[in-house]
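Try each task before you read its solution.

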Amino acid sequence: MYAKKRWASICVSVLLAVGVFTGCSGAQSNDPDAPQSQTSITATADAASDGAAANVAASTDPFGRYDEPITISAVKNLGVAPLEFPEGDSLENNVWMRYYKDNLNIQIDWLWSTLESQYDQKVNIAITSGDIPDLMMLKNANQLKMMYENGQLYPVGDILETYGAPFTKEVLNSDGGFGLESASFDGALYAVPHIESGLMSSPVLWVRTDWLEKYSLALPTTKEEFLKVSEAFSTDGAYGLGINKDLFETNYAALEGFFNMHGAFNDTWFEKDGSLVYSDIQPEVKDTLEMLQSMYANGWIDPEFGVKNTDKVNEDVNAGKIGMMFGGFWNAVMFNPAKVADPTFEWMPVAIPEVLNGSGKAQVPFGTKYWYAISADCKNPEAIIRMLNVQLEKAYGETAESMVFNITPEGYGPFNYNIFTLEPPMKNFVAAEKVTKAIETGDPSALNLEELNYYEMSLLSLGGDHTNNNWHQLKMFGPLGSLSVQKSYWDSGNAVTNAFYGAPTPTMVEKLSTLKKQALTDFTAIIMGGDINGFDTFVSNWNALGGADITSEVNEWYTNR
């Protein structure tokens with residue numbers, strides 16, 4: 001979901017049959033060697049210490065209200081900027097908090113909140129100190145594994161099966177169960193995965209189409225055309241390709257799409273000759289870096305890219321110094337202000353060159369990137385599942401009130417006031433198809449309230465009003481929008497998904513972060529004119545410093561999955 005003011009299946013019974021869900025009770029240890037109880041959640045709740053859960057309804061109503069107030073402690077990742085609230089509202093008092101209180105009799109006690117830049121550090125401190133809230137979002141798999149090994153996680157299989165609403169189970173299984181598997185240890189589920197569509201994280205190419213018209217050029221569909229456009233755009237202090245200093249993972253002026261154009265991938269495990277191999281050490285990466293080195297030498301890439309983060313690159317984009325960049329479907333939100341200031345400023349999202357003709361493949365990351373952990377000491381873990389049921393139902397279910405709980409008519413984003421921010425993975429692709437059809441036919445009757453909001457904002461932009469992120473919504477959901485570009489990768493069969501979706505292997509936990517930092521250092525040096533054969537040294541070092549062990553562990557998982 002994206003507010004105007006900011007960016008924004010296999011069934012559970014089958015999983016039971018193969019042992020993904022197992023019993024749990026109270027604050028039992030998640031020691032892999034400890035026996036797992038098959039006690040029902042009702043009995044567990046009745047036995048909770050201090051009688052805190054004694055008022056749990058005997059029924060297993062997924063939306064059941066407690067007779068006595070329940071308090072759930074939690075922490076909040078505020079995102080990249082402070083949240084904006086309607087007058088009188090706050091993190092502690094908003095539509096979600098009031099709904100939980102009024103309809104479930106659940107009160108959220110926010111122990112702390114912080115911006116994205118500090119969130120990981122604070123979570124790590126909480127894990128290390130043992131000061132764990134009842135509910136906490138984990139942003140990386142290492143944190144999940146650490147909590148499991150510390151015995152800090154409540155095994156959630158039974159309570160999800162017992163208290164999870166049908167729609168909740170549908171969403172959590174919508175990726176074929178891979179997200180649930182990523183949160184499982186020794187056959188038991190220990191966290192709620194934040195299921196997303198990995199396809200929504202695949203790269204698109206953003207192009208200044210007003211510049212294409214200026215130079216009488218067509219949208220690039222091949223490597224050769226891409227280079228021709230890059231050269232033409234690199235005049236008068238501008239650069240053909242925008243890159244940020246982190247190279248990867250930012251989904252803004254990043255290089256995954258450039259790699260894909262050359263048949264290479266970044267941070268992806270894929271099958272080759274019957275085994276999984278790691279993308280960053282493959283021969284095609286060397287060829288890709290050599291092409292980037294040539295573009296840098298030709299002056300088609302900003303010579304200062306190595307010190308520019310996303311914000312600095314965005315300043316250049318808005319100042320008219322960048323002609324193309326690879327990024328995410330949402331990138332237009334970053335330069336919507338420039339469109340408002342100058343309506344002739346026009347960008348278009350297009351497919352990665354070479355992908356739709358089959359010469360390249362778009363990489364699709366594993367869709368689950370973070371998890372919701374319930375503390376092993378939580379007295380009412382089933383209350384958290386009921387909260388999840390409510391979040392999905394009121395945001396996207398049959399009784400959804402999207403203009404209340406997702407985006408308000410005034411442009412606020414209540415979807416981000418909740419700790420849970422799940423959504424059906426294909427929701428935005430479906431919305432884009434419906435909004436595009438409504439624009440083309442002039443008939444919005446098939447749209448739900450959320451889709452109608454995108455439609456109306458898109459129409460405003462088409463009519464010349466690009467304020468309030470109207471243009472951004474048009475570029476995502478409208479005709480030839482970025483979401484339709486991403487879906488074209490899948491529809492054409494030209495997408496490669498990350499084949500590893502298990503918990504981090506032991507050597508990954510210990511060494512992968514260091515190996516990624518080394519890749520960033522070495523790749524940057526090569527792009528800026530270093531010896532291209534330095535890539536061979538990087539590959540040797542990668543294997544010697546833990547990469548070979550990681551590869552062995554990944555393939556052991558792949559064989560036994």
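**Exercise 1. Find how many aromatic pairs the whole structure holds, then describe the pair of Phe-248 and Phe-523.**

Step 1. The search of the whole structure turns up 36 aromatic pairs. Rings of Phe, Tyr and Trp (its six-membered ring) pair if their centres lie within 6.5 Å; planes under 30 degrees apart count as stacked, over 60 as edge-to-face and the rest as tilted.

Step 2. Phe-248 and Phe-523 are edge-to-face, with 6.4 Å centre to centre and 80 degrees between the planes.

Step 3. This pair links distant parts of the chain, 275 residues apart: Phe-248 is in the loop between β8 (239-241) and β9 (252-254), and Phe-523 is in helix α21 (residues 506-527). Helices (H or I, at least four residues) and strands (E, at least two) are DSSP runs, numbered from the N terminus.

Step 4. Phe-248 counts as buried because its relative accessibility is 10%, and Phe-523 is buried too, at 1%. Buried means under 20% relative accessible area, exposed over 50%, and partly exposed in between (1.4 Å probe, protein chains only).

A note on the values before you go on: this is a predicted model, where local features need pLDDT of at least 70, side-chain atom pairs count only at pLDDT 80 or more, and totals for chains, interfaces and linings use all residues. Residues are numbered from 1 along each chain as its sequence is written, and side-chain values use heavy atoms, with hydrogens and water left out.

**Exercise 2. Work out the surroundings of helix α18.**

Step 1. Check the length: α18 has 14 residues and reaches 20 Å from its first C-alpha to its last, close to the expected 20 Å. The expected span is 1.5 Å times one less than the number of residues.

Step 2. Look at the start of α18, where a side-chain oxygen of Asn-448 reaches to within 3.1 Å of the backbone nitrogen of Glu-450.

Step 3. List the buried residues of α18: Glu-450, Glu-451, Asn-453, Tyr-454, Tyr-455, Met-457, Ser-458 and Ser-461. They pack against α15 (381-396), α16 (402-405), α17 (427-441) and α19. Contact means heavy atoms within 4.5 Å.

Step 4. Just after α18, Gly-464 takes a positive phi of about 105 degrees.

**Exercise 3. Is His-466 buried or exposed, and what does His-466 touch?**

Step 1. Locate His-466 in the loop between α18 (449-462) and α19 (470-477).

Step 2. His-466 is buried, because its relative accessible area is 11%.

Step 3. Leaving out residues up to four places away in sequence, His-466 touches Asn-336, Lys-339, Val-340, Pro-343, Ser-461 and Trp-471.

Step 4. The side chains of His-466 and Ser-461 are joined by a polar contact of 3.0 Å. A polar contact is a pair of N or O atoms within 3.5 Å; within protein, one must be able to donate a hydrogen and the other to accept it, and residues adjacent in sequence count only if both atoms are side-chain atoms.

**Exercise 4. How many salt bridges are there, and where do the partners Glu-116 and Lys-139 sit?**

Step 1. Apply the rule: a side-chain nitrogen of Lys or Arg within 4 Å of a carboxyl oxygen of Asp or Glu. The count comes to 19 salt bridges.

Step 2. Glu-116 and Lys-139 meet at 2.3 Å, N to O. The pair links distant parts of the chain, 23 residues apart, with Glu-116 in helix α4 (residues 116-129) and Lys-139 in the loop between β3 (135-138) and α5 (141-149).

Step 3. Glu-116 is partly exposed at 29%, and Lys-139 is partly exposed at 24%.

Step 4. Asp-302 forms a salt bridge with Lys-308, the closest N and O atoms being 2.7 Å apart. Here Asp-302 is buried at 8%, and Lys-308 counts as buried at 15%.

Step 5. Finish with a network of salt bridges that links Glu-249, Asp-267 and Lys-516.
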